[in-house]
Amino acid sequence: MGIRRLRSTAALAATLLVTTTTAGCFAEPSPLPAIRNFLVAWQSGNYGNAAKQTNGDRAAVAAALGAVPSQLDLASLHLALGRVRQNGEDATAQFAVSVDLGDGGSPWSYGSSMRLHRTNGKWKVAWSPSIIHPDLGQGQRLAIVTATPLRQAILDDRGRTLLKKTRVEIFGVTPGRLANVDQTIGRLAKITQLDKDRVIAHVRSAPPQQFLPLVTLQFPGQEADAAQLRQVAGVERLSGNKSVAPAVAEEIVGRLGPATAERLQQVGAPYQPGDTIGVSGLQVLQQRKLAGTPTVRVVAQDPSGANTKTLFEVRGTESQSVSTTIDRKTQNAAENTLKSLRYPASLAAIDPATGNILAAANNAAAQRKYGGAQGDDSPQENSAALNGHYPPGMTFSIVTTRALLQYPNQKITSPLRCLRGTQNIDGQTVSYSGSAGKTFQANFAVGCTTAFASLYRAIAPQDLPTSAARFGIGAPWSLPLPSFAGSVPTPANDAERVAEMIGQGKIEVSPLSMALVAGAVSSGTWRPPQLLKDAPSPVPPKNTDSSDAIPTLQGLMQRAVRGGASKATAGVTATVPYGNGQSVSWFVGYRQGVAFAIAVEGKVKADSLAGTFLRAAT
């Protein structure tokens, strides 16, 4: 919760820097050797030798100097001797102090001084806590006080929170009450996977009489850790309800968790053990905006916490909410459509007019398979709706038709033969078992693979990749979360050309990339996807211009819809072999300002889900 970082006293010795600027000339014995010996020993961490140069109680002086690194959790300490004045048996030395608090920013620099007196020919430093800092009084200590901004929410497209309240327990310590810091923090760190040494440094630098939060646990889900922490002597807890859990769109919103050593490597300073930070999704990717950064003060205070005086302050930054394009109604409709399926299923929906992502949903089976299940705290957790890699099958007929229609001799009313069964077309095996159409448009509607595969010689090898690019497949995206725009490589031979005509072979897409294809047909122009409202508007690639083929594609998709989707919907369906003996079922379509794609692995037909989704979403 601060910006400190523990360093060993050996590391302080490596940064030794004592310079001298003196005024006047001294007859021996001079006070300079005592001054230098004191500063060198202090800076190098040899507090016993520093104490020997003073007239104070050696154990008390060594303890006071030795407490500074832990009280500040400092990274390094530099001392530079300035002006020295001697007046008979007395002398005064000024010196500069530079403290690196470990945040990578400017050091805390201030000036201090010490008085010396010569007795029996020996100079001794007149000990006072004010040598450490001019405003440090007798019996006082230094401490780090951290003020953390209230974490802000992730919002939907209407400015409403995407978070819900959940029960939490905040575990921490009051440093001054701990009988054995090492033992208490050691057990806490083992349970929570926090960095023990850094937590101990954090505790020792905190005000001793204030409760210091160290880990926040959420329920349900973290009962086991909570039960163990309740048994640790010295650990205290607070209970309550906080809006910290995702209400919908879990893989987009992400989750919060304790700042473990591994997570701190990801988010970096100024966050410390004890902070609650984002661990996945937008919560971690937008950590600095959502959480802001803490304001950290170095203070002098009595052991009771009274008479606190600020010596140095590093101002933090305010926290800010993050606005997304997620539409709560559409997201709920998507999640509810998929939640009862036992096979992995994903759905992506966009606004065709803007490219804004309205929903990205994955059911529990997809979350388990692709790493988005609750409790998975990888910041790169995978949402199959955004980042799935599937063959599109005959939903790719949208792209194929766009390539074919650029040639004048290809008409949608042209006769086109559809063969059932398994066919070998120039070395590529193609199977089809559905209804057979007699024209191009009829076979588009039924998704006849043999009919479309037979047309591979009607286009050039580069035509399909070019057509795919016009629908944004393979285009560079600027989404904050892992996502896949698709890939359509140029075929190397006739067999690959046949496979790509029907969306197989080496072609891969995600539900989001196919939703954007449907959006391009709906609006007439492909638009890049957007997830964050305040993100710079992406510039569409130059080759994604509108086409004269769009009205024809709209008509084809409207006539192709049958079964579970309503008549007002335009869309295409497909079931395509996928993986080792598996298949993926697709529905790709649009209606009333929503373009979407559903992908289901297994025996469920995606087109049977389209109507359920649309009735709830539109």
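Asn120 is exposed, with a relative accessible area of 77%, where exposed stands for over 50% relative accessible area, buried for under 20% and partly exposed for values in between, all with a 1.4 Å probe and protein chains only. The model is a predicted one, in which local features need pLDDT of at least 70 and side-chain atom pairs count only at pLDDT 80 or more, whereas totals for chains, interfaces and linings use all residues. Residues are numbered from 1 along each chain as its sequence is written, and side-chain values use heavy atoms, with hydrogens and water left out.

Asn120 has a positive phi of about 55° although it is not a glycine, and Asn120 lies in the loop between strand E3 (108–119) and strand E4 (122–126); helices (H or I, at least four residues) and strands (E, at least two) are DSSP runs, numbered from the N terminus. Most residues other than glycine have a negative phi, and most peptide bonds are trans. A positive phi, near 65°, is also found for Gln193, which is placed in the loop between helix H5 (181–192) and helix H6 (196–205) and counts as exposed at 61% relative accessibility. The peptide bond from Phe219 to Pro220 is cis, with omega near 0°, and Pro220 belongs to the loop between strand E8 (212–219) and helix H7 (223–229).

Helix H5 has 12 residues, which at 1.5 Å a residue should span 16 Å, and this agrees with the 16 Å between its end C-alpha atoms; the expected span is 1.5 Å times one less than the number of residues. At the N-terminal end, H5 is capped by Asn180, a side-chain oxygen of which lies 3.3 Å from the backbone nitrogen of Asp182. The buried residues of H5 are Val181, Thr184, Ile185, Gly186, Leu188, Ala189, Ile191 and Thr192, and what covers them includes strand E7 (163–173), H6, E8 and H7. Just after H5 comes the positive phi of Gln193.

The structure holds 1 disulfide, a disulfide being a pair of cysteine sulfur atoms within 2.5 Å, and this bond joins Cys418 to Cys448 with an S to S distance of 2.0 Å. The pair links distant parts of the chain, 30 residues apart, with Cys418 in the loop between helix H15 (397–404) and strand E17 (421–425) and Cys448 in the loop between helix H16 (440–446) and helix H17 (449–453). The torsion about the S-S bond of Cys418 and Cys448 is about 95°, so the disulfide is right-handed, and both Cys418 and Cys448 are buried.

Arg497, found in helix H19 (residues 494–501), is buried, with a relative accessible area of 15%. Leaving aside residues up to four places away in sequence, Arg497 touches Tyr456, Arg457, Ile459, Ala460, Pro461 and Pro491, contact meaning heavy atoms within 4.5 Å.

For the protein as a whole, the secondary structure comes to 22 helices and 21 strands, and buried residues make up 53% of the 618 residues. The C-alpha trace spans about 120 × 50 × 40 Å along its principal axes. The radius of gyration is 34 Å, whereas a compact globule of 618 residues would have a value near 25 Å; the radius is taken over C-alpha atoms, and the globule rule is 2.2 Å times the number of residues to the power 0.38. Among contacts between residues at least 6 apart in sequence, 68% join residues at least 24 apart.

Definitions and conventions
A polar contact is a pair of N or O atoms within 3.5 Å; within protein, one must be able to donate a hydrogen and the other to accept it, and residues adjacent in sequence count only if both atoms are side-chain atoms.
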